[in-house]
Amino acid sequence: MDVLIGIVGKDFVLTASDGNSARSIVVQKRGEDKSRVLNERTLMLFAGEPGDAVQFAEYVQRNVQLYRMRNGFDLGVGATASFTRKELATSLRSRHPYTVNLLIGGVDPKTGAPELYWLDYLASSVKLNYAAHGYASYFCMSTMDRYWKEGLTEEEAVSLLKKCLAELNERFIVNMPSFFVKVVDKNGVREIQL
């Protein structure tokens with residue numbers, strides 16, 4: 001029942017994740033933040049089996065921090081996505097693969113360009129301008145396809161996200177009462193209220 005959404009703007013990436021932790025038909029916890037700040041300008045959203053998702057997200061977060069300590073600089077967004085994809089591919093070929101889907105978004109430290117990567121549990125990875133995981137993809141991809149344009153301002157991106165969430169609330173049978181909405185730009189990661 002996870003919902004992850006990412007939208008690339010002019011110089012930022014806007015992300016949203018639902019706040020429910022659920023299994024089957026039972027909501028186990030509300031207010032669960034399904035994101036991890038990997039470095040100053042990179043954010044990862046995760047969805048999947050609760051144990052796998054949290055453990056894998058923390059594993060990636062710690063390894064990205066370790067890379068910075070060893071080398072003195074942060075990985076770029078693309079390099080972070082490549083590392084994460086490699087780790088998913090390695091686990092896929094083990095006896096206990098991670099069943100986790102990810103969105104990795106951020107701003108490249110050198111060019112200042114926003115980037116968004118979509119990764120799934122089969123270690124597929126693709127760079128996109130907008131993306132969704134979970135049930136949101138059924139309801140929101142057509143809305144983002146219709147209204148996304150190059151060079152979105154933050155206000156336009158928030159408006160597009162509100163359209164996506166309104167579509168979810170209207171069409172999806174499951175109630176998604178709360179979302180964590182975050183913006184990643186050259187100044188870092190910040191949470192915003194809708």
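Modeller: Arg 41 has a relative accessible area of 25% and is therefore partly exposed, the class that lies between the limits of 20% and 50%. The model is a predicted one, and in it the side chain of Arg 41 forms a salt bridge with that of Glu 40, at 3.6 Å from N to O. Glu 40 is partly exposed as well, with a relative accessible area of 46%. Side chains of opposite charge can pair when their charged atoms come close. The cut-off applied here is 4 Å between a side-chain nitrogen of Lys or Arg and a carboxyl oxygen of Asp or Glu, and by that rule the model contains ten salt bridges.

Another of these pairs joins Asp 74 to Arg 68, with an N to O distance of 3.7 Å. Asp 74 is partly exposed at 24% relative accessibility, and Arg 68 is partly exposed at 35%.

The side chains of Glu 87 and Lys 86 meet in a salt bridge of 3.5 Å, N to O. Lys 86 is partly exposed, at 47% relative accessibility, whereas Glu 87, with a relative accessible area of 14%, falls under the 20% limit and so counts as buried. Elsewhere, salt bridges with shared partners connect Asp 2, Asp 18 and Lys 34 in one network.

Glu 87 also takes part in the contact between helix α1 (residues 50-71) and helix α2 (residues 77-92). From α1, the residues involved are Phe 56, Tyr 59, Val 60, Asn 63 and Val 64; from α2, they are Thr 80, Phe 83, Thr 84, Glu 87 and Leu 88. Six residues of this contact are nonpolar, three are polar and one is charged. Because Glu belongs to the charged class, Glu 87 is that one charged residue.

As to geometry, the axes of α1 and α2 come within 11 Å and cross at roughly 130°. Angles over 145 degrees would count as roughly antiparallel and those from 65 to 115 as roughly perpendicular, so the two helices are oblique to each other. The crossing of α1 past α2 is right-handed.

Glu 87 thus connects the two topics: the residue is buried, its side chain pairs with that of Lys 86, and it lies among the α2 residues that meet α1.

How values were computed
Residues numbered from 1 in each chain as written. Predicted model: local features only at pLDDT ≥ 70, side-chain atom pairs only at ≥ 80, totals over all residues. Heavy atoms only, no water. Axes fitted to C-alpha atoms, helices over the stretch in contact; angles between N-to-C directions. Helix = DSSP H or I, 4+ residues; strand = E, 2+ residues; numbered from the N terminus. Parallel < 35°, antiparallel > 145°, perpendicular 65-115°, else oblique. Left-handed = near helix turned anticlockwise from the far one by under 90°. Contact = heavy atoms within 4.5 Å. Buried < 20%, exposed > 50% of the residue type's maximum accessible area, 1.4 Å probe, protein only.
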